[in-house]
Amino acid sequence: MSLATDALKVDRPPPPARGWSRQRILGHVLVGLWIALGIGMVVYLVAAWNPEFFQKYAPGYISGLGITLLLVAISIVLGAILSVPIAYARMSKNPILSGFAYAYVYFFRGTPLLAQTFLVYYGVGSFRPELEMVGLWGFFREAFNCAIFAFSLNTAAYQAEILRGAIESVPRGQWEGAASLGLHKLQTMWKIILPQALIVALRPYGNEIILMIKGSAIVAIITVYDLMGITRLTYARTFDFQSYIWAAIIYLVIVETLRHGVEWIERRITIHLHR
Amino acid sequence: MQSALTLLSWGPEGWLDDIAAGVFVTVCLALATLPFGLTLGFFVALAKQSEEPSLRLAGNIYTTIFRGIPELLTLFLIFFGIPLILQYFVRLVSPGTSADVNSFVAGMIALCFIFSSYSSEVFLSAFRAIPKGQYEGGYSVGLSSGQTMRLIVLPQLIRIALPGLANLWLILLKDTALVSAVGLNEILRQSGVAARVTKHAFLFYGFAGLIYLLLAIVSSFGINAIERAVGGSEVKR
């Protein structure tokens with residue numbers, strides 16, 4: 001008997017080289033794991049499919065998405081306007097001015113956005129008489145306005161740094177060349193420096209918008225019903241975990257769309273730089 | 001009306017001891033997340049720079065997911081989702097028992113995912129900064145691929161990645177504030193309790209902000225010391 005098995009062993013041809021390295025196996029296992037997770041999620045969502053849930057809460061999700069986008073859009077625009085003087089102060093040679101701008105940027109970049117939002121939302125109560133005197137109390141009583149206030153100040157600090165970095169990335173020779181052509185400072189800034197700086201700044205600006213969209217989720221904690229707020233409300237009412245999964249999918253789609261949009265714009269506006 | 005100094009003093013009348021406990025929890029959370037986040041991020045980066053397309057795909061899916069979902073939502077997904085999954089399995093073994101996850105652990109897991117997805121990008125760009133000749137040199141003197149990675153590539157990688165990782169550490173410190181939303185008694189939550197009890201919201205939240213700034217300043221001293229210790233970001237020749 002043992003002879004027969006020995007003969008089998010000897011006669012068998014060597015196994016063909018299959019080219020399945022350890023890395024390849026690991027890679028396929030991991031991708032398989034992701035696919036399994038994706039299928040699991042789809043199965044879960046199908047199993048948890050509930051027309052009533054949708055009828056009742058889908059409009060809320062859409063309005064929440066609108067609030068999130070509105071909040072981010074307003075904050076980004078206000079922040080962009082506010083960031084110009086801050087970036088200017090940050091680059092100025094006056095030590096008091098640049099020191100003040102540095103402190104502003106350091107504070108808003110060094111503390112969590114959540115703490116800043118709390119500071120505004122809960123903290124304004126400490127100044128109620130003063131605010132009532134100026135007539136701003138009505139503005140700060142709304143959580144949404146507080147969020148816009150905090151987010152604008154926060155993103156202004158980040159955008160000021162982006163702007164400063166972009167402007168400083170333009171070589172000095174560009175300024176000198178413009179000066180030798182007789183352009184004054186404002187013209188140089190507008191026609192020569194900014195177009196070059198904005199190419200550098202595009203990607204950081206895109207990242208900042210994405211960070212704001214993700215960061216805006218925290219307004220749910222101060223009772224603003226943005227996408228995250230609606231999600232928490234839905235979960236609190238139904239204890240249905242799919243409410244969180246839908247929110248994750250929506251956020252993921254927005255962020256990915258934005259990221260690819262920024263990449264597409266960057267490819268378009270740097271065509272002249274590729275050789 | 002109590003003065004700000006009494007409110008911020010140590011002891012039964014002041015709140016400094018409570019906030020200090022919060023600082024301890026925050027620092028613990030960040031420090032506990034760091035090693036796991038770094039290790040996971042390193043392996044994800046390794047997958048993303050490999051020549052095997054399926055590994056790269058797996059790594060990229062990981063980064064896309066955890067960089068695309070808001071940090072707070074990741075935290076909630078884990079805080080509410082893990083008990084659901086755990087419960088499902090626990091019920092298979094012994095029906096009737098319930099499983100729960102501690103907010104510290106949930107925060108740690110969520111922050112670890114977020115930190116690793118960002119740090120994998122930092123490691124990836126550091127990998128790209130290391131010339132191919134370094135690997136070839138390693139193989140030609142007879143080192144295995146693991147040895148090449150550990151003895152030749154990793155020491156250079158750390159130097160190049162350090163500034164980016166330092167930045168991520170500061171972000172991690174700030175992100176710990178989010179865990180207050182699921183009930184972890186860290187700086188922001190302790191300050192919030194103090195603010196609610198004493199009705200001095202601006203004082204306490206402002207103080208919390210200053211503590212975060214202080215932590216950032218202390219960290220940057222530590223980071224500078226580490227950067228000096230590893231000999232700057234430039235490869236010496």
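1. The model is predicted, so local features need pLDDT of at least 70 and side-chain atom pairs count only at pLDDT 80 or more, while totals for chains, interfaces and linings use all residues. Residues are numbered from 1 along each chain as its sequence is written, chains are lettered from A in the order in which they are written, and side-chain values use heavy atoms, without hydrogens and water.

2. Chain B has 9 helices and 0 strands (DSSP runs, H or I of at least four residues for helices and E of at least two for strands, numbered from the N terminus). Its C-alpha trace spans about 75 × 55 × 25 Å along the principal axes.

3. Of the 237 residues in chain B, 46% are buried (under 20% relative accessible area, 1.4 Å probe, protein chains only). The chain exposes about 11,600 Å², with 67% supplied by carbon and sulfur atoms (Shrake-Rupley method, 1.4 Å probe).

4. In chain B, helix 2 (residues 16-48) and helix 3 (residues 53-68) have axes that come within 7 Å and cross at roughly 135° (lines fitted to C-alpha atoms over the stretch in contact, angles from 0 to 180 degrees between N-to-C directions).

Methods:
Buried means under 20% relative accessible area, exposed over 50%, partly exposed in between (1.4 Å probe, protein chains only).
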